[in-house]
Amino acid sequence: MAQPVEISIAAASRKVTVPTGLFINNEFVPSVDSNELIQCINPATEEVICSVVAGSVADIDRAVAAARAAYNTTWGKNVGPLERARLLHRLADLMERDRDTLAELESLNNGKPVRVARDFDIGDSIGCLRYYAGWADKITGQTIEVDNKTKLAFTRHDPIGVCGQIIPWNYPINMWAWKVAPALACGCTIVMKPSEITPLTALKLSELIVEAGFPPGVVNTVPSLGSVGGAALAAHPDVDKVAFTGSTVTGRKIMEAAAKSNLKKASPERALLAILEQVSLELGGKSPHIVFASADLEQAANWAALGILYNTGQDCTAGSRLFVQDTVYDKFISILVSKAKEIVVGNGFDEKTSGGPVVSKMQYDKVWSYIESGKQEGAKVILGGQKRAGKGFFVDPTIFTDVRPDMKIVRDEIFGPVLAVAKFSTEEEAVKLANDTSYGLGAGLHSKDADQCMRVSSALEAGTVWVNQYNLLYNNVPFGGKKQSGIGRELGSYALEEYTSVKAVHWNFGEKLDWPF
Amino acid sequence: MPEIFEYEWNTPAYKGKTALPTGLYIDGKWVEGSSQSTIDVINPTNGKVITKIAEGTAKDVDLAVQAAHKAFETTWGLNAPGSERGRLLYKLADLIEQHTEEFAAIEALDNGKAFNWAKMADVGLSLGIWRYYAGWADKVQGDTIETSADKLNYTRHEPIGACGLIVPWNFPLLIASWKIAPALATGCTVILKPSEFTPLTALLLAKLTAEAGFPAGVFNVVNGYGHVVGQALSEHPTLEKIGFTGSTLVGRKLMEASAKSNLKKLSLELGGKSPNIIFDDADLDAAVQWANHGIFFNHGQVCAAGSRIFVHAKIYDEFLKKFTEKTKELKVGDPFAPDTFQGPQVSEVQFNRVMGYIEAGKAAGATLHLGGHRIGNEGYFIAPTIFTDTTPDMQIVREEIFGPVAAIIKFEDDDDIVAKANDSVYGLAAAVFSKDIKRALTTAHKLRAGTVWVNCYNNLAPNVPFGGFKQSGFGRDLGAHALENYTSVKAVQVNLA
């Protein structure tokens, strides 16, 4: 095992070679102690694409050791900012070169349309690599006046060290770029655990890491079950930082493991002095989308449909709770339904497709169980809600109305193209309903009243608030959650804080210490 | 249609060719000057004409400014998002890199500096600068500022608009890069006026901006004389910014013209007479190497040149001996010989000026310890020169010579040396050599200069700011600070009550 396999992408008349081993020290290798494999399924056809090596706890150890060695020798403080920038740009160039192949592989494994993967997922990822390449030589500290005659005090923003990065299956390439780019720009080394559902593009991108010229051990890729590899990274005593994007449930486990890990290593008396593993978490959401009476209803319907149907609803910021002001409710809903009907859900290799299948059988069953619960709890289905016959984990756009705040489809993150719609009368009511969630990742509002836009955007408890739009992100604007949607920020200059550790240096060049004091 | 200048090199250091348009570059087109006159470009190794280039006039300046304004309002400014501006700048950097040797050869031909130094220093550092500022393009951020709950206050760092950038002849490509890169990164458009002594690398740069895909009018080049083109830029009624590197004398003229016209913003990087202080506990051999480089690099034609070398009495004799030996080893000659360190001074005017200072030094009674004469009969070569036994009031100690002329000055008193070093109208750079960190840092902190080097000289990096105190100018090039030269802060205060 660990040999590359050739995959035939019939729809594109292309063959792609995909490495199937674990990527450690710039080589693809078998597991050190396990014969377990991960099967990668094409969600549009339910067929097996190929199998890859499943990393074990011992493999994670090996990867962490490789990352640490690289950090101490060829990376970390041993590599200058210009070199880090150069390599990140080179990686971006290579992604650009291989754009089509990567898009097709992504679509095969995840189901999303090829053209969306190519233009948005990969386009944004290339931009992300270049954005952070530009930061590499701009990570500055402070010089601070204490006593000009005798002291110099300054800070240095050191790389935080070895980072365990755990990414989800909804945007495999894009989430890879969001994690890899700032970490490398700051001088960190990486053990990346891609989702066991969608490991193929992470492995393919590892080939580009070698081709770009990154030294061995700087980036390591270990596909593994979350409960094995993810847990091992979170608990690893030699990992300085864990960055995770995924469900809130798993996020909790990671935080617990991180909090406990070094305490396990240290003796009880020194437990309190042990340094805790740093954690940043980007978790789930149940983001509210509010349409006020003054909104441009046509446009708001476009954005609202995008908000729940983009990526087949498998988006942490999916606008899955829609609140419409009563005076425009009927009109808006009829526009929204017709918008949703225009979306073609199908095979990602069909140019007409705007939405693919959901990513796996497990997700398919989960989404359908929520649709059933919605019906059972008395919500009204005005679109969709019917299973298709035939192969593929397809879920058609589904809209529920007459929902109540206590319903499961209103409280829980479904992660599918399932929208819960409710009516409101006043702005105060809308804000209250919108904030009635333990999540706080995204939120959107549509209104032509500028003061209302300001009031409501201030009041919404979310890390990203979209005004008169939805979903669109830029590499230079930060992203992350409030409340139980997470800790820390990705994108923008803020991500640099997640991968640096501030050291204050107090340099005495003039004070003599009197003794005894 | 303006002529193309073609040239081929067949030299030990470089074999290759170039073909450069010789016109003005305005609004994406190569044009003749409105006066149809030309300027001779002289080869400083032999005084002969290399080629003629189109001469710009006030009318051409106005056309270029209009083109730059128009581009700013339509295809550039904030109409081009930062990520797009960055992308084009990276593309340009890649193109410059592909043409590294061609740039170095043109610079060596035009300016007289050694080809290998031009390649390593001028082009090498330029590349880092283009890439550094390409990375800033989408990171020009303002602040949101809390005052009260019913107000939203935020700042925008908006590009100023069209900028006139006037650059000198000592590092034509490099200093042009210092100025153009942050200007374009922030969204400004540019009218570049290269020195009339060294106009050629700017022409290749213009050619590459077109190839990189910058829209017409974003980058313009108007070659010409300072008192014509430079003056027209300084007096232009709608140009809102000039960035300048050059002499303090011209810096003053620009300030005056700005005051009399439209109060256009200025950033000025001017002259220097930088002190290099060698304490008795310095690493002597290292200090000799750095100090030597500090004054003789680029034929002494460096604004930050360490031209007043203060050496502690205890080590003076040994320092002087070693410094002199090192100086004798410097190879002066053909820029295209592989081991040349120093070529000719850039022009006859500069040659005469430097020789004039040498004569003044002798006349004032300083000891001419080494050099002081012309080398050869052709071109503007001057032997590396050392004066000793100077006094603080001598011209060669007070005024910027801008040639390979070092004044080595003995000092005894530690407390007094800082006052001596600071005794200058200039404040561009300074250096301290000492192994004692307390001495080094306390001295560094007391020196009135925009850059203080400790145990080195002439170190520059794209991300570390550079600029002057006192009459060496204001504003900073390089680093994040340079962005301030090309942006204006707008505060937006929104009432939500």
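How far is the sulfur of Cys50(A) from the closest cysteine sulfur, and in which residue does that sulfur lie? The closest one belongs to Cys40(A), 4.7 Å away, which is too far for a bond. A disulfide is taken here as a pair of cysteine sulfur atoms within 2.5 Å. The model is a predicted one, in which local features need pLDDT of at least 70 and side-chain atom pairs count only at pLDDT 80 or more, while totals for chains, interfaces and linings use all residues; side-chain values use heavy atoms, with hydrogens and water left out. Residues are numbered from 1 along each chain as its sequence is written, and chains are lettered from A and ligands numbered from 1 in the order in which they are written.

Buried means under 20% relative accessible area, exposed means over 50%, and partly exposed lies in between (1.4 Å probe, protein chains only).

Helix packing comes next. Two packed helices are described by the angle between their axes and the distance between the axes. Axes are lines fitted to C-alpha atoms, for helices over the stretch in contact, and angles run from 0 to 180 degrees between N-to-C directions. Helices (H or I, at least four residues) and strands (E, at least two) are DSSP runs, numbered from the N terminus. In chain A, helix α2 (residues 81–97) and α4(A) have axes that come within 8 Å and cross at roughly 165°. This angle makes α2(A) roughly antiparallel to α4(A), given that angles under 35 degrees count as roughly parallel, over 145 as roughly antiparallel, 65 to 115 as roughly perpendicular and the rest as oblique. The crossing of α2(A) and α4(A) is left-handed; a crossing has this hand if the near helix is turned anticlockwise from the far one by less than a right angle, and is right-handed if clockwise. From α2(A), the contact (heavy atoms within 4.5 Å) draws on Ala85(A), Leu88(A), His89(A), Leu91(A), Ala92(A), Asp93(A), Met95(A) and Glu96(A). The α4(A) side supplies Ile122(A), Ser125(A), Ile126(A), Leu129(A), Arg130(A), Tyr132(A) and Ala133(A). By class, the residues of this contact are 10 nonpolar, two polar and three charged. In this scheme Ala, Val, Leu, Ile, Met, Phe, Trp, Tyr, Cys and Pro count as nonpolar, Asp, Glu, Lys and Arg as charged, and the others, Gly among them, as polar.

Another pair in chain A is formed by helix α13 (residues 427–435) and helix α14 (residues 450–459), whose axes lie 10 Å apart at an angle of about 30°. The two are therefore roughly parallel. The crossing of α13(A) and α14(A) is right-handed. Here Glu427(A), Val431(A) and Asn435(A) of α13(A) meet Gln452(A), Arg455(A), Val456(A) and Ala459(A) of α14(A), a set that divides into three nonpolar, two polar and two charged residues.

Several individual residues also deserve a look. Lys112(A) sits in the loop between α3 (99–110) and α4 (114–135) of chain A and is buried, at 3% relative accessibility. Beyond four places in sequence, its contacts include Asp121(A), Asn170(A), Tyr171(A) and Asn311(A). In chain B, Thr186(B) belongs to helix α5 (residues 172–186) and is buried at 2%. With neighbours within four places in sequence left aside, Thr186(B) is in contact with Arg85(B), Val140(B), Pro159(B), Leu483(B), Tyr486(B) and Thr487(B). Pro194(B), in the loop between β10 (189–193) and α6 (200–212) of chain B, is buried at 3%.

The peptide bond from Trp515(A) to Pro516(A) is cis, with omega near -5°, and Pro516(A) falls in the segment after β22 (500–508) of chain A. His299(B), although not a glycine, has a positive phi of about 65°; this residue lies in the loop between α9 (284–296) and β15 (308–312) of chain B and is buried, with a relative accessible area of 0%. Asn455(B), also not a glycine, has a positive phi of about 60°, but is partly exposed at 35%.
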